[in-house]
Amino acid sequence: GGGGGGGGGGGVLTTIELVRRLPVQRERIAGVVIAIGVNDTQRARQPAARHEVWRKDYRTLLTLVREKFGSNIVLCTIFPVEPGKPLGDNYFDPAAIAEFNKDIRKFARDEKVGIADVEREFRSRQVPAGGYTTDGVHLTPAGYELWSKAIADAAAASRGSRSLL
């Protein structure tokens with residue numbers, strides 16, 4: 001459920017500010033995974049116009065990451081929050097997550113970067129007893145295993161396709 005750059009509670013704007021402070025590292029970074037967005041779907045943050053702003057901010061982040069770290073980028077969709085848990089569907093808006101994920105998939109296609117579609121990965125699995133999260137959004141070890149495997153597979157596929165270009 002992480003926030004900007006591995007911190008908790010951050011969103012796209014927090015991550016933009018973090019990336020702006022980092023030095024250019026084009027030669028030293030093998031690739032970048034952008035796995036953010038769930039914090040921006042908090043019901044308390046969801047005025048109707050927010051989605052348009054989020055879309056613009058996410059594109060700004062993607063451009064900034066490309067400029068600083070190169071083009072080996074993998075975008076990660078937002079995994080579905082678990083219903084009925086304290087930080088689940090009452091705290092985060094599943095409809096907003098679905099809309100943001102459509103945008104993330106479109107950005108990946110438009111920008112020709114990799115995609116780790118963890119939302120589809122989580123939805124394609126039978127939920128284990130106790131779920132994939134401790135509270136609706138923070139992953140259990142089983143949740144992290146599925147999440148990290150989806151990202152690692154997408155990163156490997158992304159590197160493979162680039163080597164053919």
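The following questions and answers concern a predicted model of one protein chain.

Residues are numbered from 1 along each chain as its sequence is written, and side-chain values use heavy atoms, with hydrogens and water left out. Because the model is predicted, local features need pLDDT of at least 70 and side-chain atom pairs count only at pLDDT 80 or more, while totals for chains, interfaces and linings use all residues.

Reader: In what order do the elements of the protein chain run from the N terminus on?
Author: Helices (H or I, at least four residues) and strands (E, at least two) are DSSP runs, numbered from the N terminus. The protein chain has 5 helices and 3 strands. From the N terminus on, their order is α-β-α-β-α-β-α-α.

Reader: What percentage of the residues of the protein chain count as buried?
Author: A residue is buried under 20% relative accessible area, exposed over 50%, and partly exposed in between, with a 1.4 Å probe and protein chains only. The protein chain has 165 residues, and the share that counts as buried is 47%.

Reader: Which elements do the buried residues of α2 pack against?
Author: Among the buried residues of α2 are Trp54, Tyr58, Leu61, Leu62 and Val65. Seen down the axis, the buried residues of α2 fall within an arc of 165° (taken from the directions from the helix axis to the C-beta atoms), so they line one face of the helix. The face turned away from this buried side carries the exposed residues Glu52, Lys56 and Glu67. With contact meaning heavy atoms within 4.5 Å, the buried residues of α2 pack against α1, β1, β2 and α3.

Reader: Why do the buried residues of α1 lie on the same side of the helix?
Author: The buried residues of α1 are Val12, Thr15, Ile16 and Val19. They are on the same side of α1 because the arc that they cover around the axis is only 105°.

Reader: Which residues does Ile34 touch, not counting residues up to four places away in sequence?
Author: Ile34 is one of the residues with the most contacts inside the largest nonpolar core. Leaving out residues up to four places away in sequence, Ile34 touches Tyr58, Leu61, Leu62, Val65, Ile73, Val74, Leu75 and Cys76.

Reader: Are the ring planes of Tyr144 and Trp147 stacked or edge-to-face?
Author: Rings of Phe, Tyr and Trp (its six-membered ring) pair if their centres lie within 6.5 Å; planes under 30 degrees apart are stacked, over 60 edge-to-face and the rest tilted. Tyr144 and Trp147 are 3 residues apart in helix α5, about one helical turn. Their ring centres are 5.9 Å apart and their planes stand at 80°, so the pair is edge-to-face.

Reader: Which residues do ring pairs link into a cluster?
Author: By the ring rule, the count comes to 7 aromatic pairs. Ring pairs join four residues into a cluster: Trp54, Tyr58, Phe100 and Phe107.

Technical notes:
Core = buried A, V, L, I, M, F, W, Y, C linked by side-chain atoms within 4.5 Å.
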